[in-house]
Amino acid sequence: MALGAFLALVCTLLPMIGHPARTNAAVPQFGRVHKTFQPENGKIFVLAIGNDARAGNPDSSLADAIHLIGINTKTMKAGVLNFPRDSYVNIPGWGSAKINEGLIAGGPQRVAETVENLTGIRIDYWVMTGFVGFQSIVKELDGVVMNIPTAHNDTGASGSVLRSGVQKLKGYEALAYARARKVFSGGDVARSTHQGDILLALLKKLHKQTSRSPAALLKWITVTKQHARFDISADEMFRLGILATQIKPKDVGHVTVPVSVGSVGAASVVFISPGARDIYQRFKENGSL
Amino acid sequence: MSLVAPVQRRPWIAVAAGLTLLIAVVTTLVLVDLPGRHILSGRDDAPAVQEAVPQAPWTIKAYPAGVTAKVTKAQEKVLAKRRPEVIALVKRVYDSLFLHPGRLDGTLEENFTQAAATALKRSGAGVAEAGAAATTLRTARIGLQASGGARLAIASVTVRAARPDADAAPLRHKATLWMQRANGGWKVVAFDVDQGPIPELGGQNAGEGKGDGKRKGKRK
């Protein structure tokens with residue numbers, strides 16, 4: 001997918017709860033996973049990471065939002081695969097742990113390696129943002145329209161207090177909704193799915209704006225640049241953005257990996273079901289879900 | 001002497017007359033025959049073609065885009081330099097598509113990335129030969145990136161064209177060009193085009209604009 005989409009998507013990364021801020025920088029990061037860009041048969045995969053730092057993107061934070069975005073540039077279809085942060089997986093060079101520890105283990109690169117090992121999908125780019133970056137991006141893009149399935153009041157934790165139905169969320173509301181889990185029966189899985197919903201809502205917004213005026217993409221690029229650090233070239237970013245504007249939201253599926261709830265020691269975790277392998281394979285082959 | 005002298009000057013007079021005649025013939029060929037030759041051969045880069053088929057004037061607006069704050073004076077200065085460049089690029093591309101298709105290959109080579117050029121040719125946008133359409137509307141809105149040295153631009157172009165062939169419906173053409181500045185020049189890196197006949201309002205063909213003859217392409 002193109003940068004624009006990614007920008008939007010990237011921006012959408014959802015940070016989570018419970019860990020104190022460690023730096024003052026509020027900059028999402030963008031980078032390559034491999035030195036060479038080799039989309040397989042026109043398929044591009046981008047890992048979107050939302051860290052739990054209140055500001056900045058320190059590697060010492062936890063990756064509490066992890067979404068693998070695939071784009072098939074031939075069929076112009078795409079998919080978002082959501083990973084609950086409590087997924088108990090093998091992290092290369094670190095051992096078995098919750099997937100969100102991958103960031104502490106070796107930064108965004110290690111999270112990407114972990115997801116690559118898990119899914120067998122070669123990831124082309126990663127992008128990361130934190131609380132402030134995400135909130136600022138949504139704010140500067142004038143909010144995001146979401147259909148909230150369930151009214152909830154999570155004043156004690158995430159701060160998400162929303163009625164059900166279609167509404168425009170401001171930056172702080174989108175962040176709170178992306179973090180909320182205790183008020184939903186699905187807990188971490190529901191949260192991960194909601195994060196995917198926000199990514200798609202941002203893509204819809206990008207699509208709507210650029211349908212009216214294609215030059216609107218330039219604002220998305222500007223906003224992302226203001227709140228992000230890019231390790232990919234401006235050319236790549238522009239072309240990714242163009243690609244994103246050409247993918248119709250209805251052609252983007254999003255799926256949360258199937259899991260079962262369990263525990264390891266005192267820690268509550270989720271185990272990814274064997275059935276996820278079929279999803280990985282389909283995603284790898286099609287670049288979409 | 002008076003009789004001899006003319007005889008002695010006669011070769012010079014003949015040479016001068018010959019040269020004059022030659023110059024006159026060459027001049028006549030250049031001024032008169034060239035346009036006709038182009039028309040007959042189907043080439044479209046002759047002024048006569050443009051004169052024969054009146055074209056609509058361009059309405060182009062190039063504005064700063066991607067702005068989250070007021071455009072600074074420094075940015076405006078850069079924009080002022082870039083604005084004529086992107087306008088010229090858009091005009092050049094559309095002259096090649098609708099007025100001088102014979103120049104299209106050269107324009108694509110110079111102003112498009114290879115992938116975008118290949119895809120545009122495949123899309124069938126524009127007209128196949130010069131004089132096949134007379135534009136009745138030509139508008140472009142170009143968003144020019146205000147920040148970052150104004151290296152990115154996105155143009156939305158609308159063209160409507162009548163066709164001299166009585167059986168051919170007028171054309172409408174809508175396109176988006178994504179342009180990027182590199183190495184001192186601009187390149188179209190991607191485009192999105194939708195071209196087809198204008199449906200006859202209230203006629204039997206009303207609402208058929210999305211059907212026959214519509215050419216659509218989205219390419220990078």
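## Helices and chain contacts in a predicted model

In helix H3 of chain B, the buried residues (20 or more other C-beta atoms within 10 Å of their own, C-beta atoms being placed from the backbone) are B:Val78, B:Arg82, B:Val86, B:Leu89, B:Val90, B:Val93, B:Tyr94, B:Asp95, B:Ser96, B:Leu97, B:Phe98 and B:Leu99. This is a predicted model, in which local features need pLDDT of at least 70 and side-chain atom pairs count only at pLDDT 80 or more, while totals for chains, interfaces and linings use all residues. Residues are numbered from 1 along each chain as its sequence is written, and chains are lettered from A and ligands numbered from 1 in the order in which they are written.

Helices are DSSP runs (H or I, at least four residues), numbered from the N terminus. The 27 residues of H3(B), 73-99, should span 39 Å at 1.5 Å a residue, and this agrees with the 38 Å between its end C-alpha atoms; the expected span is 1.5 Å times one less than the number of residues. H3(B) has a kink of about 30° at B:Arg82, shortly before B:Pro84. The bend is the angle between axes fitted to the seven residues ending at a residue and the seven starting there.

Chain A touches chain B through 16 residues, which meet 18 residues of chain B; contact requires C-beta atoms, placed from the backbone, within 7 Å. On the chain A side, H6(A) gives the most, with 7 residues.

| Class | Residues of chain A touching chain B |
|---|---|
| Nonpolar (Ala, Val, Leu, Ile, Met, Phe, Trp, Tyr, Cys, Pro) | 9 residues |
| Polar (the others, Gly among them) | 3 residues |

Notes
Contact = placed C-beta atoms within 7 Å. Helix = DSSP H or I, 4+ residues; strand = E, 2+ residues; numbered from the N terminus. Buried ≥ 20, exposed ≤ 12 C-beta atoms within 10 Å, placed from the backbone.
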